[in-house]
Amino acid sequence: MQRRLLTDRQETVRAAACATYHARLPHPGIPADLVPALIADPVTRAGAVRHLTLTAEWAARLAGDRDHEVRREPARHPGLPAGVRDRLASDDSATVQVAVFAREDTPEPLRALIHDEVHRKDAASGDTLLDHPGLEDLDDLAFAQLIEDREAAGELRYGLLPWVTADPVRHVGSPYVRFRIAAAVAAASLPPGAVRRLLADDDPRVPETVVGHAPHLVDVATAERIERAHRQPSKGGRSRPADTYPFPPETLRRFAADPDPRMRVLGPRDPGLPAEILVALAADPVADVRGAAAAHPRMPASVLVRLLDDADDGVAAAAGGHPALPVDAMAALLHRAGL
């Protein structure tokens, strides 16, 4: 089946079959006899590079490709010659530069130059895409590079680095937050002093990573400090530290009365939360807090019925899906829905 897809007449099918991204790792293999044709095909070239034995000649040819996605693949390839690596370090695509930055064999002076250059490009890119000069003159390929390059600074800071995680001790004090995060992934194997250093890191993602991977090494007060400093991105995404840290019931009950609704919403995570506290949270002015309370297994049925008419749909849905909702209230909901 894969062979058929890789040789399909439709470009979009071939491109998808040989994509550089896959939801599950490792990437699917490619029949060796197809690699030359896939490299020759512009729509599959980038995806086929990882399956290529990267000779110096091939590396040089691919490093000069017009497509930044193709150039990025040899920058990631373990067989990349040092001379081509250094050439790609000054590529006009920030995402290609970031791929070189992340390599284990990149010399530290070169890594520092890439770091500064990518941040300079990011600062010069403007607040929005519309700020880019000559935007209307870009072809599709250049526009795609522009879009991806605008995300490069984020990848520079937060992308995964398995080789750092495999040897974390020497990277705990790295000047690059991406390296310190990768070291924090291995916090359970680090000495106590290194863990304390990571927990005190200025970038919140570093101590959050320690909490996520080694919560047993974090005391309650430190976990609370990290949780209070956490700010969920506006578009959602990463979880909050409390999702992996087992705050004790007495701490969760204190959170239930906290002035910050981001902390109050954690109160219902205590399975033994007293009914009077639950009732108070069910009347909270913040919908997220009411919704968390509505899902608590000890929420009184009378309060659940009241929350069915909550102004926030999420709160009403949480109450409507509660197993303790009285049968007559369930029947009324079905009747209201015309069922």
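Trainee: How many helices and strands are there in the protein?

Mentor: There are 23 helices and 0 strands. Helices (H or I, at least four residues) and strands (E, at least two) are DSSP runs, numbered from the N terminus. This is a predicted model, where local features need pLDDT of at least 70, side-chain atom pairs count only at pLDDT 80 or more, and totals for chains, interfaces and linings use all residues. Residues are numbered from 1 along each chain as its sequence is written, and side-chain values use heavy atoms, with hydrogens and water left out.

Trainee: Why is methionine 299 called buried?

Mentor: Buried means under 20% relative accessible area, exposed over 50%, partly exposed in between (1.4 Å probe, protein chains only). Methionine 299 has a relative accessible area of 3%, so the residue is buried. Methionine 299 sits in the loop between α20 (287–294) and α21 (301–307).

Trainee: What is methionine 299 in contact with, leaving aside its neighbours within four places in sequence?

Mentor: Contact means heavy atoms within 4.5 Å. On that basis the partners of methionine 299 are Leu278, Ala282, Ala293, Ala294, Leu304 and His322, with neighbours within four places in sequence left aside.

Trainee: Which residues have the most contacts inside the largest nonpolar core?

Mentor: They are Leu198, Val210, Val218, Phe247, Leu266, Met299 and Leu307, in a core of 43 residues. A nonpolar core is a set of buried Ala, Val, Leu, Ile, Met, Phe, Trp, Tyr and Cys residues joined through side-chain atoms within 4.5 Å. Another core lies apart from this one, with 40 residues, among them Ile39, Phe101, Ala102 and Ala182.

Trainee: What makes proline 162 exposed?

Mentor: Its relative accessible area is 62%, and the cut-off for exposed is over 50%, so proline 162 is exposed. Proline 162 lies in helix α12.

Trainee: Is serine 174 buried or exposed?

Mentor: Serine 174 is buried, because its relative accessible area is 10%. This serine lies in the loop between α12 (162–165) and α13 (177–185).

Trainee: What does the side chain of serine 174 reach?

Mentor: The side chain of serine 174 reaches the backbone nitrogen of tyrosine 176 at 3.0 Å. A polar contact is a pair of N or O atoms within 3.5 Å; within protein, one must be able to donate a hydrogen and the other to accept it, and residues adjacent in sequence count only if both atoms are side-chain atoms.

Trainee: Why does arginine 264 count as buried?

Mentor: Arginine 264 has 12% relative accessibility, so it counts as buried. This arginine lies in helix α18 (residues 261–264). The side chain of arginine 264 reaches the backbone oxygen of proline 259 at 2.9 Å.

Trainee: What makes α6 roughly parallel to α8?

Mentor: Helix α6 (residues 68–76) and helix α8 (residues 94–101) pack at an angle of about 5°, with their axes 8 Å apart. Axes are lines fitted to C-alpha atoms, for helices over the stretch in contact, and angles run from 0 to 180 degrees between N-to-C directions. Angles under 35 degrees count as roughly parallel, over 145 as roughly antiparallel, 65 to 115 as roughly perpendicular and the rest as oblique. Therefore α6 is roughly parallel to α8.

Trainee: Which residues of α6 and α8 meet?

Mentor: From α6 come His68, Arg71, Arg72, Ala75 and Arg76; from α8 come Thr95, Val96, Ala99 and Val100.

Trainee: How do you know that α8 is mostly covered?

Mentor: Of its 8 residues, 8 are buried. Across the protein, buried residues make up 43% of the 339 residues.
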